Amino acid sequence: MVKSAVLGFPRIGTGRAIKKAVESYWAGNSSAEQLAEAAKAVRKERWETIKNAGVDIIPSGDFTLYDHLLDHSYNFGVIPQRYVEQKLSGLDTYFAMGRGKQDREKGIDVVASEMGKFFDSNYHIVKVDHEPSTEFKLNFNQQLVEYEEAKALGIITRPVLFGPITYLSLVRKSRDAPADFEPLQLLDKLIPVYKELLSQLKDAGVEAVQIDEPILVLDKAEAYGAEYKKVYEALAPVAPKITITTAYGRVGKSLDYLKDLPISSLHLDLDREPKQLDAAIEAVKDTKLGLELGLISGRNIWKADLKAAKALAQKAVDVIGTDRVVVSTSSSLLHCPISLKVEKKLTAQQLSWLSFAEEKCEEVAALAGALNGKESALFEQNTNDISARREFERSSDPAVRERVAGITEQMLSRQSPFPTRREAQKKLKLPKFPTTTIGSFPQTKEIRQARAKFGKNELTQQEYEAAMEAEIKYAVDFQERIGLDLFVHGEPERNDMVQYFGEQLNGFIFTQLGWVQSYGSRYVRPPIVVSDVSRTAPMTVRWSAYAQSLTDKPMKGMLTGPVTILNWSFPRADISKEVQSKQLALALRDEVVDLANAGIQAIQVDEPAIREGLPLRKADWDNYLKWAVDSFRLSTSGVGDDTQVHSHFCYSDFGDIFPHIQRLDADVISIEASKADLKLLDVFKTYGYSNEIGPGVYDIHSPRVPSEQEIKDRIAAMAKVLPVDLLVINPDCGLKTRGWKETEESLSNLVAAARWARETFA
Ligand code: MET
Ligand SMILES: [Zn+2]
């Protein structure tokens, strides 16, 4: 019999129960016991949902109150000294490691661990510091506790945990550790703790465990053969049956050593990389290894084509038999919203296209059923839905398709090279070391309330627009008073930098409750691209033009770039991301031209997410970077030389793609720099930069006000590695999460530091 499995499920709970419980606990409004109760209820709900969907292999141990990698560190007793010193309860220590803690009265002040993106998803892991002296001890066997908890409910589960090599590859190397130290060097100390954890599971009667090793889809894992052999030869004798799961990509050459490990089966992501199946079948056919086929996407929200999935799975069944094949999700479902059932505003047609976590569980079960000879009603319905969707896709917007097909090389380039443009842009009359901000100003409670009221029809269109204009006027007057050089309108009218554009473009739909975890208790609701994207009317011109009418200083128009809109949405699965990005770029190109025609002389197209879309395997980089850079160029090249094109980057380490940032050929870029400044300065030294550039001079993620001297120091450091006449002075990112008071103090210091720079580097 072919069995069905699910690798993991969203942790948020129906009605955002966990987010609410955790935040209420943080605010001191509920107790640790109440939080534990809420968590228990959500775990029960998750297991029952998966079980009721008909899934055979149900995960446990994948629940978390914050992040599952953080859970591992805490459970393995990796609690850096700075947290131990605060003498907090276990739970509070755990949260402090995740998000820091400050309580001046009690003398508590400790910063959070570093956060990092989890593979190429928008989920963030907490990377706890490790150093040569780090010791591991089994603090808490979460997998065992949750297994027993489910068992008490009559549900047998398969405990889930990260494998030791993936764990050590994902955590952080402490800043104080020697240069040649890598956490992976701790492997020998970590293995015994895994043995202890796994043998406890085995003693408790656990039959099988799921060990997540997503690191196996990275290039570097190809060199880890000896480590994998060592680890699994040590674990196998004491552990329940082991399934190693991979996700987010292909295992490639690592398959050569994986097939010889003493494990019971290997899971592959066949959603992203269906082509790896043939090699995998070939590799395992003369072994006892089973294959777990990740056919149902854990990363997108589209209904799976079950017929196609069945055909793929059948290939494996034909060679290794039904007993060695499991059908599964391609990754944990943590990247999906929980359920379509709560979506009341989507049309029946839209609902028929989609599948969230709960529906994906049903798909996995239906797929296994079909392979076992029982095509359920759901399977039949799926065939109909998929062909209707295909029909819809074919009938998408021919005008958009034609326009994309008609993109020429010429449309990807500005009229003249940068030096010529720079001359033309002198008409903006900006001083040396021009000061500017990244776009948003504080999104105050008043702004959010006005938006909410407008949404509920408690404000008329006119009243709402008047309220936003008043905010814009406030921001413009503020910038006059502070003495900035290149103004912004402040973005009060935007709920979110992607959603705002999605809502005005054709081709997007939105969920009501499709929350997806970004980090900790922060969840986002990504828009969904469902058809060809086009623009009906100008989206931002009225606000920018109004702002410009209030001042003689140049006003910077503000747009979100095509790659970022796409990376922060659920893309379509039927056409490439490249084509979707080009469609978006064309829509934005029209907006850029309209802004310029309305008298806006500087236009910023933000691409903060360009780095995170970078493929995991280096062999795939060039293709991505080509279309990503081309998309940006397409969106910004429709204007004359005298329009100053800006772009902005943050959230990631841009070192490895910096030469491609240069290829964007923006006249000015701003880039988050104050957190990792040394690294970035080295990058500038290595690669140089020929256009104007503003490495952020202060971190906007904290309410802390940077002193004038600090900013001067940063400018001086930048001036050592970049030509001074190219330097622009700006913060790291937008100011929407800040208050006005600290914004005023910080920007005043910034302006003063820029004046100093003009004198000092004259
Ligand atoms: C995450 S990048 C944000 C850029 C946007 N223009 C802002 O200032 O908020
Ligand atoms: Zn930013």
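Which residues does UniProt list for "binding site" in its unreviewed entry? The entry lists Ile438, Gly439, Ser440, Glu491 and Asp606, in the numbering used here, with feature names shortened and annotations that may be inferred rather than shown by experiment. Select these residues: although spread over 169 residues of sequence, they cluster in space, the largest C-alpha distance being 13.0 Å.

Keep in mind that this is a predicted model, in which local features need pLDDT of at least 70 and side-chain atom pairs count only at pLDDT 80 or more, while totals for chains, interfaces and linings use all residues. Residues are numbered from 1 along each chain as its sequence is written, and chains are lettered from A and ligands numbered from 1 in the order in which they are written.

Next, select Gly439, which lies in the loop between α17 (418-424) and α18 (445-455); helices (H or I, at least four residues) and strands (E, at least two) are DSSP runs, numbered from the N terminus. Gly439 counts as buried because 25 C-beta neighbours lie inside 10 Å, where 20 or more other C-beta atoms within 10 Å, placed from the backbone, are required. Leaving aside neighbours within four places in sequence, Gly439 is in contact (C-beta atoms, placed from the backbone, within 7 Å) with Val488, Glu491, Met558, Gln604 and Gly734.

Move on to Glu491, found in the loop between β15 (487-488) and α20 (499-504). Glu491 is also buried, with 24 other C-beta atoms within 10 Å, and, with neighbours within four places in sequence again left aside, Glu491 is in contact with Gly439, Ser440, Met558 and Lys736.

Technical notes
A residue is buried if 20 or more other C-beta atoms lie within 10 Å of its own, exposed if 12 or fewer, and partly exposed in between; C-beta atoms are placed from the backbone. Two residues are in contact if their C-beta atoms, placed from the backbone, lie within 7 Å.
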